[in-house]
Amino acid sequence: MIGSLRENILIFQFFGALITDLHSSFIYKIERVGYNNKFLTGNSLTAEKFLESSQDNVIKVCASVTFKNYIKRNWEEYEPNKICEADRVAIKANIVHLMLSSPEQIQKQHYGREDFPQKWPDLLTEMVNRFQSGDFHVINGVLRTAHSLFKRYRHEFKSNELWTEIKLVLDAFALPLTNLFKATIELCSTHANDASALRILFSSLILISKLFYSLNFQDLPEFFEDNMETWMNNFHTLLTLDNKLLQTDLVSNAIQFLASVCERPHYKNLFEDQNTLTSICEKVIVPNMEFRAADEEAFEDNSEEYIRRDLEGSDIDTRRRAACDLVRGLCKFFEGPVTGIFSGYVNSMLQEYAKNPSVNWKHKDAAIYLVTSLASKAQTQKHGITQANELVNLTEFFVNHILPDLKSANVNEFPVLKADGIKYIMIFRNQVPKEHLLVSIPLLINHLQAESIVVHTYAAHALERLFTMRGPNNATLFTAAEIAPFVEILLTNLFKALTLPGSSENEYIMKAIMRSFSLLQEAIIPYIPTLISQLTQKLLAVSKNPSKPHFNHYMFEAICLSIRITCKANPAAVVNFEEALFLVFTEILQNDVQEFIPYVFQVMSLLLETHKNDIPSSYMALFPHLLQPVLWERTGNIPALVRLLQAFLERGSNTIASAAADKIPGLLGVFQKLIASKANDHQGFYLLNSIIEHMPPESVDQYRKQIFILLFQRLQNSKTTKFIKSFLVFINLYCIKYGALALQEIFDGIQPKMFGMVLEKIIIPEIQKVSGNVEKKICAVGITKLLTECPPMMDTEYTKLWTPLLQSLIGLFELPEDDTIPDEEHFIDIEDTPGYQTAFSQLAFAGKKEHDPVGQMVNNPKIHLAQSLHKLSTACPGRVPSMVSTSLNAEALQYLQGYLQAASVTLL
């Protein structure tokens, strides 16, 4: 039996302290020790001493999180031995008091979900009693706990059990919550000039609002229906409150609540009256659409956060966003009346702006935001507005009120309105006609020079979004020819924008550079020498301290595009890129810039694959270093390194065989390491397939048997579907490269009759799992060789497997892919990699073209099978038709006859 709950939490707090010093795997082991109840006993420290204010609060929070996670994992009924009943009773008896006397961060760790309400019936009573304390630190702790318990009512399906629980909660909690709401509102009036008191009180009101929302979500309870006037009057007071000391959180929550109510059909009647709609529009929505002082401050001084909130949709807690959601909610049932009401407000705001633009610019800002809210019915970040309010003439508003601001010669005048206009283009790009968008492109290019970070960022983002729009036939809406007149100024201004204060690593600008390259293609070639110089300078600068992952990714994508576009027109130009990039790449590798090394290897692969002849000496000097084990310890390096080694093998196998033969064991050592890993075994097969396909046979003769032994050991110890699929592709590629007889001999050389076991246990039953067109083609050609070019298949005990093998090949051609995974594979643990690992990010524009190693040899594998069977039947007349007709099932035989007919051959 554990001692007091406090003593047990001390144990977790003690180990929580270790979090700051010990490796996470050690903490993992400590938590596992908790399965033993003895772990929870025998602690002699006193709670009072540990909970003194002098103790490190970070440690307490770590401890509370650890304790909560321990409870979460081990409390379930089906694991009763993890925490005994006596301990459960002790925890529930003490947890509320201990939590409410702890700091706020610890109060946020919630414990009640499993037992409430059936096994913890007195929890509500204890919580309600705490409302009488008058201590809002305690009260907020109770409210947070209640929110963690009740918020699930918002998304659970209706059931008798749920209704019973909600009634239990309402009976105990609804009246005390209402009284607390009224008392807190009154205290807000009393302390109207005390900012610190208001912050606490309004944090309580936010939680109370959330609880009200949860308790009313499933249906309107009788208690709240009877007390609706109390709640609504006070909500209205909060909505119209204008206390300069307050944050906007409560107002936002209240408006969001109203927005959720008005969207629900059974509350529709509450909003049908025209006066109600007008009042909401006038008193709630319009005032909260205003560009507030805090918005202006963020726009000017914290632009990165402003952009993140505005562009990426993380402004969910702002008044503007809440007001916008309320407009959309009202438009669901009252689109016509709401549009009519707001049209008058929009016109009035625009008239006020026109009287004195320099003073009244916020009126136009609100008007644009209101139009945007009114017109936006459905929206995605990728496509902008996908469904618009047809009652709003978006094109007319664009021409009359957006274009004039953007056409102004002074790009720095009224920056908020400039940003509004650019955002309007972004959002409504699918609704505004193409000719108007085309007019806006040079205007957006001009705004790349704006001093405001928000304005030039929005300009870059708008250009990037426009360049990804699709037109007829799924092609880009704007062609390179249409953008050609602006190429020079576009590229100049984009790179200049990276020199503006605050935007040296602006991901939106770099993404626009990448997208411009991709759209313009050959049109950028005259500018490439200057562009690649600027990109390498930027690469060198950011490699000193990489801090913006998206910016870095788009930068490498732009470099890859430069290489692809230029070398497609002039392959010899690859040398120029190597001269420009290799110095920077060398510095990155020497300084071990982990974030950039996988990118460097991908770009080097692209460069090497561009060479048409042998590998240049500069690459060969690097080759031994790529085999160093330390590089392969980082999982993020593996895909890029394998790709680079494949490029070496593809372009320089003869050079490696002659000048670096001593490195072949190292190459196979890499294969051995990869093949042992469930996470990376497919990468090992990529490497092995390249070795088999490209290396001269004599250079790997001595290693072949050991390669197969390693593969069989892995099959025996840890067979997975992924491994089987890769293994099948490999052995069929081997068969194509070295011949069917060589495959049979190497199998039987390892162990007598192993060839038959592989056919019977792996190839025939598993071939249907192979996926990918090239992979299936390799397997089809390899199996065809086994059927028609392997004498033991016709003259030994292996002959009995001939027809089943043919049947499986026809199945590979005609049956759906077998994508089932054995149940036990769902529980396979991929190897845990300790410590931080830089993730691998595939560069889209460094992508490797799919390689077909049998492309020139075989065009149609079905025809190839028919021709090969015909050739075999010519060598041994009568046998093949007999084997086919007696053992092949009727459906497979019908398919085979179709292949023979298509190839214009017969079986003799």
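Predicted model: local features only at pLDDT ≥ 70, side-chain atom pairs only at ≥ 80, totals over all residues.
Thr-566 is buried, since its relative accessible area is 10%, and buried here means under 20%. Once its neighbours within four places in sequence are left aside, Thr-566 is in contact with Ile-525, Ile-528, Ala-573 and Phe-577.

## A partly exposed glutamate in a loop

Glu-272 lies in the loop between helix H13 (249–262) and helix H14 (274–288). With a relative accessible area of 48%, Glu-272 is partly exposed. Although Glu-272 and Phe-333 are 61 residues apart along the chain, their C-alpha atoms are separated by 8.9 Å.

## The largest nonpolar core

The largest nonpolar core of the model has 285 residues, and those with the most contacts inside this core are Phe-173, Ile-285, Phe-556 and Trp-802. Helix H17, made up of residues 319–355, gives the most to this core, with 15 residues.

As a general background, nonpolar side chains tend to be buried together in soluble globular proteins.

## How H34 packs with H37

Helix H34 (residues 681–694) and helix H37 (residues 721–738) pack at an angle of about 0 degrees, and their axes are 10 Å apart. Because of that angle, H34 is roughly parallel to H37, a description that applies to angles under 35 degrees.

On the side of H34, the contact is made by Asp-681, His-682, Phe-685, Leu-688, Asn-689, Ile-692 and Glu-693, while the residues that H37 brings to the contact include Phe-723, Phe-727, Phe-730, Leu-733 and Tyr-734. Sorted by class, the contact of H34 with H37 has 10 nonpolar, 3 polar and 4 charged residues.

## Helix H43 and what covers it

Helix H43, spanning residues 861–875, has 15 residues and reaches 21 Å from its first C-alpha to its last, which is close to the 21 Å expected at 1.5 Å a residue. The buried residues of H43 are Pro-861, His-864, Leu-865, Ala-866, Ser-868, Leu-869, Leu-872 and Ser-873.

An α-helix has 3.6 residues a turn, so residues three or four places apart point the same way. What covers the buried residues of H43 includes helix H40 (773–788), helix H41 (792–795) and helix H42 (802–814), together with helix H44 (879–887) and helix H45 (890–903).

Note on methods. Residues numbered from 1 in each chain as written. Heavy atoms only, no water. Axes fitted to C-alpha atoms, helices over the stretch in contact; angles between N-to-C directions. Helix = DSSP H or I, 4+ residues; strand = E, 2+ residues; numbered from the N terminus. Parallel < 35°, antiparallel > 145°, perpendicular 65-115°, else oblique. Contact = heavy atoms within 4.5 Å. Nonpolar A, V, L, I, M, F, W, Y, C, P; charged D, E, K, R; others polar. Buried < 20%, exposed > 50% of the residue type's maximum accessible area, 1.4 Å probe, protein only. Core = buried A, V, L, I, M, F, W, Y, C linked by side-chain atoms within 4.5 Å. Expected span 1.5 Å × (residues − 1).
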